[in-house]
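Reader: Could you walk me through this structure slowly, as I am still new to reading models like this?

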Amino acid sequence: MQFALLAYELPEAFAARKSDGTDSYTAAWRAYHKALVESGSYLAGEPLEVPETGTTVRLNEGKRRVQDGPFADTKEQLGGFIIMELPSLDAALDWAARCPTAATGAVEVRPLAPAAKHRIT
Amino acid sequence: MNGSVQESTHRAIERVARESYGRLVAYLSSQTRDVASAEDALSNALVAALKAWPGDGVPQNPEAWLLTAARRSFIDLVRRRQVAVASEPTLQLLREEREVMLPAEFPDDRLKLLFVCAHPAIDSSVHTPLMLQTVLGLDAARIGHAFLVSPTTMGQRLVRAKTKIRDGGIQFEVPQERELPQRLDAVLEAIYAAFGIGWDDMAGVDQSGRELAEEAIWLGRVLLQLMPREAEVRGLLALMLHCEARRRARRGPEGRYIPLSEQDSEQWSLPLIEEAERHLAEASSRGRTGRFQLEAAIQSVHAERARSGRTEWGAILLFYEQLIRISPTLGTRTGHAAAVAEAKGSEAGLAVLDAIDLESVSGYQPYWAVRAHLLQRLAMTSEAADAFDRAIGLAEDPAVRQFLLQRRG
């Protein structure tokens, strides 16, 4: 089963990206990433640029409505995702708990939906 | 009614609920095998107590009051759910109920209930949650939180297990002599699992973690009261008490993690250590050793540092060598390697770690932490950094993560 681990980060966590990389949050992520890859269950993952770089598009009555900033105005913003192949939700939750973001922000675990993809491909 | 009377009544209800919950659920369900209905009935009785007692005062025998109310509610529940699903013993109970008066004394069936919770026909991952719920009355949300699953999922697992108990022919009985050791092991394992979760769960910082460890010790005490002659029951209790004694010393200012070797032994709880020692001595006088007694013995050697100021690693190593013969788990083997390193040098310890199959440790954090520590001592810097990364990446507790990051340098 494939799961997405969605890391929702606080502004402070996004700010840490500007550091020289020796801060503990970045070091913890570096180690976590290594553990993910070594586990053999890691399929893909990417960090996203900071939320301020987001632009949201809606089409209202045929008109483009472009909004500066992320879709939702919340304290914690999606900062990146990880895709893993795992035997169960329990295993995915274990990996989510180890994610450095779980201690400061939140990590949402969602199964991928291959059936939904199948309907459109 | 004034606030303080209300408060003291609430406290009385809490106390009775805590002390009697398992006894009442065990008694009600051992006759019918219907654990879920027994729990529902008891929670109805507790709600009734919350309503009645503040006005009427706490009854002279609160447990008997609760039992009467719970039985009445139990009968209502079963009638409503109706007879299609009711088992023959339940129907029997309903028939008897009309005539029989309440017994002033009712038997303590908690031991049977504990054996049912850890029955081999019940999935072992549910053993501990079932005990926490049926014997201690913890709700699915709290148990789910401790086990890192959602409350709904935990609720479903518990419901499935209870249905199996009711319909699967699982007997409420203490196992026969022949199968007792194995069945008892499952009970001990489940109690220890509750303790381990409470322990790992940011022990000392996270309130829910601490409480779960306390609940596990409570279960251990209940079990000892019911089986005072079983050495391993005392061994388990001694082990948990030794660990509990160090709780305060495990965290420094701002929740900093402090490993055992660096703990200030003056912060250890002497009364808990002494109690643990008494149980361990009593257990070993019975002459049959076992996994929990050995683990407690290792902790007992560590505790000795409070008196002598030093740790007898040679003694710890001997206990690990015995332990590994009867319980070669990853945890034991990792602990063994650490003891070898202290007693015979880091290289020897590393060789023990090297003998463990790498596949089996890819997700086991303590292995990588010990490995990193030994490599660092041997000045194998880049290998150490690698192992530290694995240990950091697999750590859940932010304080442990922070500690390892600092060690890694």
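**A walk through two chains**

Author: One place to begin is Glu61(A), which counts as exposed because it has 5 C-beta neighbours inside 10 Å, where 12 or fewer is the limit for that label. Please keep in mind throughout that this is a predicted model.

Reader: Okay, and where in chain A does Glu61(A) lie?

Author: Glu61(A) belongs to the loop that joins strand S3 (55-60) and strand S4 (63-68) of chain A. Its phi is near 45°, which is a positive value in a residue other than glycine.

Reader: Which residue of chain B also has a positive phi without being glycine?

Author: Ala379(B) has one, with phi near 60°, and this residue sits in the loop between helix H17 (365-377) and helix H18 (381-394) of chain B.

Reader: Is Ala379(B) buried or exposed?

Author: Ala379(B) counts as exposed, because 8 C-beta neighbours lie inside 10 Å of it.

Reader: What percentage of each chain counts as buried?

Author: In chain A, 23% of the 121 residues count as buried, whereas for chain B the figure is 44% of 409 residues. As for contacts with a separation of 6 or more, residues 24 or more positions apart account for 74% of them in chain A and for 63% of them in chain B.

Reader: Which residues of helix H3 in chain A are buried?

Author: In H3(A), the buried residues are Ala92(A), Leu93(A), Trp95(A), Ala96(A) and Arg98(A). Within chain A, they pack against strand S1 (2-9), H2, strand S5 (77-85), helix H4 (100-104) and strand S6 (106-111), and they also pack against H18 of chain B.

Reader: Switching to chain B, which domains is it divided into?

Author: Chain B is divided into domain 1 (1-105) and domain 2 (109-167 + 179-227). Between them, 15 residues of domain 1 are in contact with 13 residues of domain 2. On the domain 1 side, helix H1 (3-32) and helix H2 (35-56) of chain B each supply at least two residues, and H1(B) gives the largest share, namely nine. By class, the residues on that side of domain 1 are seven nonpolar, four polar and four charged.

Reader: I also noticed Trp65(B); which helix is it in, and why does it count as buried?

Author: Trp65(B) is part of helix H3 (residues 62-81) of chain B, and it counts as buried because it has 20 C-beta neighbours inside 10 Å, when 20 or more is what the label asks for. Trp65(B) and Leu46(B) are 19 residues apart along the chain, and their C-alpha atoms are separated by 9.9 Å.

Reader: One last topic: at what angle do H12(B) and H13(B) cross?

Author: Helix H12 (residues 270-284) and helix H13 (residues 291-308) of chain B cross at roughly 140°, and their axes come within 10 Å. That angle is why H12(B) is described as oblique to H13(B), and the crossing is left-handed.

Reader: Which residues meet there?

Author: From H12(B), the residues are Ile273(B), Ala276(B), Glu277(B), Leu280(B), Ala283(B) and Ser284(B), and they meet Gln293(B), Ala296(B), Ala297(B), Ser300(B), Ala303(B) and Ala306(B) from H13(B). In this contact, eight residues are nonpolar, three are polar and one is charged. As for the spacing within a helix, an α-helix has 3.6 residues a turn, so residues three or four places apart point the same way.

Terms used:
Residues numbered from 1 in each chain as written. Chains lettered and ligands numbered in written order. Predicted model: local features only at pLDDT ≥ 70, side-chain atom pairs only at ≥ 80, totals over all residues. Contact = placed C-beta atoms within 7 Å. Domains from an automatic or database assignment. Helix = DSSP H or I, 4+ residues; strand = E, 2+ residues; numbered from the N terminus. Nonpolar A, V, L, I, M, F, W, Y, C, P; charged D, E, K, R; others polar. Axes fitted to C-alpha atoms, helices over the stretch in contact; angles between N-to-C directions. Parallel < 35°, antiparallel > 145°, perpendicular 65-115°, else oblique. Left-handed = near helix turned anticlockwise from the far one by under 90°.
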